[in-house]
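My notes follow in the order I looked things up.

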Amino acid sequence: MEALAQNVIGLLGSLAAKELDLLCNFQDDLETMEEKVKEIKAVLHDAERKATTSETINVWLQKLRNMLLDAEDLLDAYSAEKLAREVMTKDKMAKEVRIFFSKSNRLVCAHKMGCKIRAIRKKLDEIYDEKNPLQLHKSSSSTPNESCEWRRTGPDVSEQDVVGRDEERMHLVSTLLSSDVKNDVSVIPIVGIGGLGKTTLAQQVYNDVAAKNHFEPMMWVCVSDESHQLSNNTLAQKIIKKETSDGALELLRHKIKDKRFLLVLDDVWNIKNRGEWLKLENLFKDGRKGSMIIVTTRSTEVADTIGTNPPLSLKDLDEDKSWELFCRVAFRDGKEPTDHKLVGIGKDIVRKCHGVPLAIRTIGSLLFNKATLKVSEWLSFRDRELANVDYENDNIFSILKLSYDHLPFYLKNCFAFCSLFPKDYEIERETLIQLWIAEGFIQPLDKSRRLEDVGDEYFKQLLSRCLFQDVKEKNSGNIWSCKMHDLIHDLAQSVSKNECYIVTSEKIEEEKFGDGIRHMSSHFHGACKFSLGNANTKKMRTILFLQGHLDFNLSQSSARVFNLICGPTTSLPKHLRVLVLVDQELKISESIGYLKHLRYLDLSRNRKLKKLPRGITKLYNLLTLKLNSC
């Protein structure tokens, strides 16, 4: 919210300075709005902290957020009209004549703009007046370019980041390499609550046995989908990494026929019926005796249903191991500090993490930059922040939520935006930064700096706080991609639930598009039916279809043409900034030019797309255009 308020303040100031000649009648409105937004921004940190226990403050924040988003859309629309006037033509006389008779006439635009500013001002005045009874206190907030020490993580599992799992690791490796096997295909479940390190342990064991050349082939699949039943076709498709399920079963059987394979099924949720598992097990009957499947799951029911071997149940780390891991993460040299007071406070904090490695690492990373500050900083965190954790319900999630609460305001939108990607999705660093820029999340204090460079700093800060993991690097050593832990992804979805809508089934429930929803993403592999011509979707800023296929409801047309950019202009989400439609079969019409706010357009792998319409040249704000494999 602070980042949004800061952006609106900047837009108001810029508009008041540059358009004074046209908006002189509304100058007082602009200046008053800027001052009031500044005053509201000063209390936002306190408001967001208290919103968890006050429904009144929570409702006030929602009203404020919707008003700020509307104001940002309005100010951005005026900037887009101004840019359109500047690029219409280079001929001065023709330019003046064309603009006078166009929608970009400065006088007409200024008049319309002024009327809308007054309407926004009225809403702001109401929200401002409602602030005083809430008794919110001002607090300082971090600046977008505050220094942050960044610790580099590697692409593989780092041995120094794993503590207390040597016994389990040796047991699993011994079981996998044993010659005394009774089953053609053995299934070994690893069970434990989220954050205990099930996946990390499986990765270590996978790498250990890879060096022995005992299994061929070796395969890894992240299932991570608790909402849909896992079918043979879907599983085979995931294993062989095929874009469609057509022919996947035959390819898999050929791949493992008469071979001793190792397969890791990571994060399995929904196989709770023995009959369902037996159907899936048939996929692997062609493998050689001694083949192994490791399954990681949070469900003992899943483990009991599919395991041929006794499940390996991961336990919490003991107090000594928890403190060892915390020291590695929280202190610069990875060793216990000499300050006994700091050690005592640190151990109190670690006890609150209940031996869960993910919680220890996340809190340790959060406190990393406080290690050289006064003991009072750590005391305040222990006595104020951790004291509010809900230990009765989901204590680990509550602890992880602290890592979000302590993010600088300019990183919160960047983190929440990542909820739009599916679980276990490999997020390309460069693409993510381009998306952040398109959404307006990057706010450098130094205007001479490249937005990409500032975005890279944002990325590194989130990485240093253990909110990203599984980093892959290019040959040059630069980061190529990363992933998010399932619980961290759940956290991102939790904090963005009023802003983002995730498609998880064939029918998109448009009635759930509240006034605050601005971003939509599909996590559904099948075909989705969708129409964007209703009131709840007109303020959309983001549409991401990274998997699955679209079946759009067309307006009086039988052709399979994308209604969003081929339908009547009144049905367009006019404030759309990001549009990603990969792996579709779409035709693009001239009306795409009406998306004047569009900054990021990805139509990759649309194999029927052979040329772009001339309307594409009207997208004056477009920063990124991707047409790979069209």
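I began with the sheet. Five strands form an open sheet, ordered 2-3-4-1-5, with parallel pairing. I took strands as DSSP runs of E of at least two residues, and helices as runs of H or I of at least four, numbered from the N terminus. Two strands pair if DSSP finds at least two bridges between them. The edges are strand 2 (218-222) and strand 5 (312-313), and each pairs on one side only.

I noted the sources next. This is a predicted model, where local features need pLDDT of at least 70 and side-chain atom pairs count only at pLDDT 80 or more, while totals for chains, interfaces and linings use all residues. Residues are numbered from 1 along each chain as its sequence is written, and side-chain values use heavy atoms, leaving out hydrogens and water.

Then I followed strand 3. Strand 2 and strand 3 run parallel, joined by five bridges. Met 219 has Leu 263 in strand 3 as its bridge partner. Strand 3 (residues 262-266) also pairs with strand 4 (residues 291-297), in the parallel sense, over four bridges. Here Val 264 stands opposite Ile 294 of strand 4.

Is strand 3 enclosed or open? Five of its five residues are buried, so strand 3 is largely enclosed by the rest of the structure. Buried means under 20% relative accessible area, with a 1.4 Å probe and protein chains only. Leu 262, Val 264 and Asp 266 point one way, and Leu 263 and Leu 265 point the other way.

I checked what covers the sheet. Helix 7 (residues 198-210) lies across strands 1 (185-191), 2, 3, 4 and 5, at about 165° to strand 2. Helix 8 (residues 232-240) packs on the sheet and touches strand 2 and strand 3. Its direction makes about 120° with that of strand 2. Angles run from 0 to 180 degrees between N-to-C directions, with axes fitted to C-alpha atoms, for helices over the stretch in contact.

I moved on to a helix pair. Helix 18 (residues 429-439) and helix 19 (residues 451-464) pack at about 115°, with axes 9 Å apart. That makes helix 18 roughly perpendicular to helix 19, a term for 65 to 115 degrees. Among the contacting residues are Trp 436 in helix 18 and Phe 459 in helix 19; contact means heavy atoms within 4.5 Å.

Last, I looked at the whole chain. The protein chain has 21 helices and 16 strands. Of its 630 residues, 51% count as buried.

Methods:
Parallel < 35°, antiparallel > 145°, perpendicular 65-115°, else oblique. Buried < 20%, exposed > 50% of the residue type's maximum accessible area, 1.4 Å probe, protein only.
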